[in-house]
Amino acid sequence: MRNLKRQLLAGPYLIWMIGFILLPVAVILYYAFTTTSGSFTFLNVSSITFSVHLKALLLSLKLALICTIICLILSYPLAMILNGMKTKSQGFVVFIFILPMWMNFMLRILAWKMLLSNNGVINSLLGTLGLPKLDILNTPTAVVFCMVYDFLPFMILPIYNAMARIQADTIEAARDLGAGTITIFFKIILPLTMSGVVSGIIMVFVPALTSFAVSDLLGGGKVLLIGNVIEQAFMQEYNWNLGSGLSFVLMIFVIVSMALMNSRGDEGGTGVW
Amino acid sequence: MSKRLIDLQHITKSFDGQMVLDDLNLYIRENEFLTLLGPSGCGKTTTLRIIGGFETPDEGTVIFDGKDITKLAPNERQLNTVFQKYALFPHMSIAENIAFGLKIRKKSKAYIEDKIKYALKLVNLDGFEKRSINSLSGGQQQRIAIARAIVNEPKVLLLDEPLGALDLKLRQDMQYELIRLKNELGITFVYVTHDQEEALTMSDTIVVMNQGYIQQVGTPQDIYNEPINAFVADFIGESNIINGTMIEDRLVKILDVKFPCVDEGFGTNTPVDVVIRPEDVVLVSPEQGMLEGDVTSLIFKGVHWEIEVLANGYEWLVQTTQMHPVGSHVGILVDPFNIQIMNKPESNDEKAVESDA
């Protein structure tokens, strides 16, 4: 009886899950495997092999990978520095990292478009200093740059979290047993923060892989990611079947990459998922 | 007497302007079980961390086996530490935890295997190699921490309140285990605790500390039977500490009654602190006693009764196997040998310093 009451508490979430996750996925699956007239087909899914789609998918994978690696390289040392600071200043720095996340996502991208544009703030500043203009707007570089800017906190926070959980005692014990700084890093700190690294990678790689707004606004139509292709299929061509088919392929990629990372996380022994 | 293995000379340490250790001098002999005992904040853990290399003294020298190691990092010292909260590596199995120090020293695989087996046997956990840390109880984790330290064959094992997180029964069992380990390994143990019973049970030498100063160094018997000042007397077990006046050699006036005692050399009519252990107070019939009083409280403690007797304005703490009901009129008798006379400290500051010289 009491159990039943508890389960009832999950009711609103269950309704949410059915209405906004399961149902849409079912709809996508239906459209993905049917033609406009409603008969079964593989064509929507297999159209990923069309060169324009394949190119977009590969570019998405490439940019997401670059973005993830840059975030990782920036975040790990930063998390270490952060962890070494006094508790009071730690809170303040974390607050500064989170601060941009309180601003609307689209607004931030638009801001970078203004900043990076030919006559934007950065270029006029460079001009007055007599330096060459930064001409990266409408290139993959700008897209990666903005994605890194957007997703960096999602990498820093889980790594910092994992690092903060390591007891000072544990490090001292390793030193006591004869470990030098390098050994401590590779044998203690890195393995114990692996769960954070894995969460960080998933939380950056997946949204980077599926993003379309950044490339839309900062790519100027020249950087076509798989997200943009799907968006166009739905919004411009009104071809829901093609859009769903491509979405299905992208979902497979997301699920596979998450599964891959999770199996790596398990080896670390302290997976969070 | 065996040789001095560790010598702490004029050690001074402060944190954020707060003096923790002030000109501390202490030596530790080879193969002894030495306990640093004191209330929290007395500087005992800091002393241990200075020996371990986790803190550097502001002034002073740490000599280990004839060499100055004051500036040496912990990983370059020939000693190992057992931490209060075990500090095991959570991502490693038990065998990997124990092997950690040996792998760093590049020992052969066979040697490491042997050592793990030996160490697990020593701490009564044979066959636990593959288990994960999280599957162990607190007591088992602490044994693994000890095993991890001793496989490296340190000359000294430092133990920082290793039993602090365990329950009473387990703590008592582990005390005997530690004594056995110490005897089997034949190495020096430096042990930090605030538990006087633990210190008395295990130690060869006890160092009583307070406010950054060493109060008294001695065997458990010395410390218990002949505390050097009121602090030590009070900290090591329960005591009646009473204001008295030394009339002359071998005669002290307590609560307006003259008691014969065995102490000499305090001068005449000198104010002193008198310490009498509760188990040394003998309750007799009123006419037989040196002073008379009334029982005000009676508590059963298992082995003995704990009785409070109000006599001549002082609440005497008495431990006896004889029951005396509350309200009964009794006499108090103390053997001259059981009366401990101590000079009064002149100020609070001196209270801490006086035995430092």
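B:Thr268 lies in the loop between strand E13 (257–260) and strand E14 (270–276) of chain B; helices (H or I, at least four residues) and strands (E, at least two) are DSSP runs, numbered from the N terminus. The model is predicted, and local features need pLDDT of at least 70, side-chain atom pairs count only at pLDDT 80 or more, while totals for chains, interfaces and linings use all residues. Residues are numbered from 1 along each chain as its sequence is written, and chains are lettered from A and ligands numbered from 1 in the order in which they are written.

B:Thr268 counts as exposed because it has 10 C-beta neighbours inside 10 Å. A residue is buried if 20 or more other C-beta atoms lie within 10 Å of its own, exposed if 12 or fewer, and partly exposed in between, with C-beta atoms placed from the backbone. When neighbours within four places in sequence are left aside, the contacts of B:Thr268 are with B:Ile247 and B:Glu248; two residues are in contact if their C-beta atoms, placed from the backbone, lie within 7 Å. B:Ile236 is 32 residues from B:Thr268 in sequence, and the C-alpha atoms of the two are 29 Å apart in space.

The strands on either side of this loop, E13 and E14 of chain B, belong to an open sheet of five strands in the order E13-E12-E11-E14-E20, with antiparallel pairing. Strands pair if DSSP finds at least two bridges between them. E13 and strand E20 (340–343) of chain B stand at the edges, and each has a single partner strand, so one side of each is left without a neighbour in the sheet. From one strand to the next the twist averages 40°. Axes are lines fitted to C-alpha atoms, for helices over the stretch in contact, and angles run from 0 to 180 degrees between N-to-C directions. E14(B) and E20(B) run antiparallel and are joined by four bridges. B:Asp273 is placed opposite B:Met342 in E20(B).

B:Asp256 lies in the loop between strand E12 (251–254) and E13 of chain B. Its phi is near 65°, a positive value in a residue other than glycine. Most residues other than glycine have a negative phi. B:Asp256 counts as exposed because it has 9 C-beta neighbours inside 10 Å.

Chain B is divided into domain 1 (4–225) and domain 2 (238–346), with bounds that come from an automatic or database domain assignment. The C-alpha centres of domain 1 and domain 2 of chain B lie 39 Å apart. B:Phe33 is found in strand E3 (residues 33–37) of chain B. With 21 C-beta neighbours inside 10 Å, B:Phe33 counts as buried. Residues up to four places away in sequence not counted, B:Phe33 touches B:Lys182, B:Phe189, B:Tyr191, B:Met202, B:Ser203 and B:Asp204. Of these, B:Met202 is 169 residues from B:Phe33 in sequence, with a C-alpha to C-alpha distance of 7.3 Å.

Chain A has 13 helices and zero strands. Its C-alpha trace spans about 75 × 70 × 35 Å along the principal axes. Buried residues make up 31% of the 273 residues in chain A. Among contacts in chain A between residues at least 6 apart in sequence, 72% join residues at least 24 apart.

Helix H4 (residues 51–84) of chain A packs with H10(A) at an angle of about 145°, and the axes are 8 Å apart. The crossing of H4(A) with H10(A) is right-handed; a crossing is left-handed if the near helix is turned anticlockwise from the far one by less than a right angle, and right-handed if clockwise. Residues of H4(A), including A:Leu61, A:Ala64 and A:Leu72, meet residues of H10(A), including A:Ile201, A:Val204 and A:Phe205. The residues of this contact divide into eleven nonpolar, four polar and no charged. Ala, Val, Leu, Ile, Met, Phe, Trp, Tyr, Cys and Pro count as nonpolar, Asp, Glu, Lys and Arg as charged, and the others, Gly among them, as polar.

A:Asn138 lies in the loop between helix H7 (121–128) and helix H8 (140–164) of chain A. Phi of A:Asn138 is near 70°, a positive value in a residue other than glycine. A:Asn138 is partly exposed, with 19 other C-beta atoms within 10 Å.

The contact between the chains takes 18 residues from chain A and 16 residues from chain B. On the side of chain A that touches chain B, helix H9 (168–176) and helix H10 (181–210) are the elements that give two or more residues. H9(A) provides the largest share of that side, six residues. The residues of the side of chain A that touches chain B comprise six nonpolar, eight polar and four charged.
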